[in-house]
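Thanks for coming. Please have a look at it first.

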Amino acid sequence: MNKQVRYFLMIIALALVSFVITNVMGTANKKRNNQVDGVKLIVQVSKDQRKPIVRTYKKSVYDGLSTLEVAKIYEEISGKREGDLPCIDLLEDPKVYFSFKKEDQAVQAQDIHLEVLAKNYNSRGEDKAKKIKGQLEKVNDTTYAFQSRRFTTQYEKYFMEELVFKLSYHIDGVEYFSTFICLQSNAPDGTDFSKNEELAQPKEADK
């Protein structure tokens, strides 16, 4: 086998490895959460052990991004494959927990504002994404919880929603912005969605 053939085969092998890493394997833990000025948002989604893909920016920097740049952030935090994102279990623990760190030390954040954009995976096309102003419950000095619920119309026995979280907050006088995505569902572990059943009467969103 001559050098050119070996070189070509090596390029093909590297391309295949890159494809597998990028499209088959999930997002590595070390790439799931960035920090700015040492500031990081820590998120625990329900009882799920998977971590969301969190991106944090200075608010002034985020506000200056183009539509295309914001779209790329959404694509990144959406995960690489099915199962890459954590899911809120609405049956057992319908909460998302937030805490803040600076230089790996727990800190208090001020002026926290939360917005959630909910999209129904089982919609019939007429439902648009719903914007929710999130209310946070203080758990302790540095931890907060968001009580989730079903935000869109339910058409089938088991449903799934995509939630885009957007938080703005101040730490040491600087305003930051963090965003991530998680799913939520009323399906017990091991549910086969291919056997889902349509409801005779759709259920409106929870109040």
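Two strands count as paired if DSSP finds at least two bridges between them. Helices (H or I, at least four residues) and strands (E, at least two) are DSSP runs, numbered from the N terminus. This is a predicted model, in which local features need pLDDT of at least 70, side-chain atom pairs count only at pLDDT 80 or more, and totals for chains, interfaces and linings use all residues. Residues are numbered from 1 along each chain as its sequence is written, and side-chain values use heavy atoms, with hydrogens and water left out.

The chain has 3 helices and 13 strands. Of its 207 residues, 40% are buried, where buried means under 20% relative accessible area, exposed over 50%, and partly exposed in between (1.4 Å probe, protein chains only).

Now strand 9, residues 143-147. Which strands does strand 9 run antiparallel to? Strand 4, residues 95-102, is joined to strand 9 by 5 bridges, antiparallel. Strand 8, residues 136-138, is also antiparallel to strand 9, with 3 bridges, and a hairpin of 4 residues connects strand 8 to strand 9. Phe146 is the bridge partner of Val96 and also of Leu136. Strand 9 is mostly covered, with 4 of its 5 residues buried.

Strand 13, residues 198-203, is hardly covered: the count of buried residues among its 6 is 0. Strand 13 pairs with strand 10, residues 154-156, in the antiparallel sense over 2 bridges. Gln154 has Lys203 as its bridge partner there.
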